[in-house]
Amino acid sequence: MYNGLLHAHSGLRYVVLILLLAAIGTAYSNWQKGDTKDNKLYSFALIATHIQLLIGIVLYVISPKVEFEMISDRLYRFFTIEHSIMMLIAVTLITVGRVRSRKAEGALRHRTVLFFYAMALVIMLVAIPWPFRDLGAGWF
Ligand code: HEM
């Protein structure tokens with residue numbers, strides 16, 4: 001089960017990143033156009049992020065890389081604290097952004113998505129264990 005979830009979590013990162021980028025691009029252009037309609041992409045990005053969160057929580061419980069006794073080691077510290085906390089912040093930003101955008105009036109809804117999703121995207125890019133960061137994780 002561990003291997004399957006790890007691969008799912010690793011691959012789903014690209015789905016989350018692509019949906020976030022698409023939502024941000026759409027939000028920018030709809031805001032500029034003064035469009036007042038809601039967009040389904042904003043919800044798709046939220047759903048993909050929440051699925052990633054659920055898999056992440058299970059991994060947090062079963063992963064051998066989450067170990068508080070080993071916190072002085074860079075790799076363990078990354079997965080036990082840094083990755084998880086930063087991703088929780090990113091997921092919260094996306095959730096708050098989506099809820100606020102639903103309540104917002106007119107074209108303001110797009111600006112709300114743009115602001116919250118862009119902040120979340122930056123945090124995610126920093127918190128992903130890209131292979132060049134030497135944290136024992138691959139591209140896929
Ligand atoms: C929502 C955005 C998230 C993204 C894009 C993301 C992405 C990733 C990636 C790319 C890896 C490396 C997988 C590999 O080794 O191939 C990883 C590992 C991990 N993630 Fe996440 N993650 C997210 C959220 C979370 C959250 C919220 C948690 C915990 C609450 C979490 C817990 C973990 C753990 C424990 C590992 C290490 C698993 C292991 O190698 O044993 N992730 N994550």
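Predicted model: local features only at pLDDT ≥ 70, side-chain atom pairs only at ≥ 80, totals over all residues.
Colleague: How do α3 and α4 cross?

Modeller: Helix α3 (residues 74-103) and helix α4 (residues 108-127) have axes that come within 8 Å and cross at roughly 170°. Axes here are lines fitted to C-alpha atoms, for helices over the stretch in contact, with angles from 0 to 180 degrees between N-to-C directions. Helices are DSSP runs (H or I, at least four residues), numbered from the N terminus.

Colleague: Is that parallel or antiparallel?

Modeller: α3 and α4 are roughly antiparallel to each other, a label for angles over 145 degrees.

Colleague: What residues make up that contact?

Modeller: The contact of α3 with α4 has 17 nonpolar, four polar and four charged residues. Nonpolar means Ala, Val, Leu, Ile, Met, Phe, Trp, Tyr, Cys and Pro, charged means Asp, Glu, Lys and Arg, and the others, Gly among them, are polar.

Colleague: OK, the ligand. Which residues are closest?

Modeller: Of the 21 residues that surround the ligand, the closest are Y2, H9, S63, K65 and H83; surrounding means a heavy atom within 4 Å.

Colleague: How far is the side chain of H9 from a ligand nitrogen?

Modeller: An N or O atom in the H9 side chain is 2.7 Å from a nitrogen atom of the ligand. For H83, a polar side-chain atom lies 2.8 Å from a ligand nitrogen.

How values were computed:
Residues numbered from 1 in each chain as written. Heavy atoms only, no water. Helix = DSSP H or I, 4+ residues; strand = E, 2+ residues; numbered from the N terminus. Parallel < 35°, antiparallel > 145°, perpendicular 65-115°, else oblique. Polar contact = N/O pair within 3.5 Å; in protein donor to acceptor, adjacent residues only side chain to side chain.
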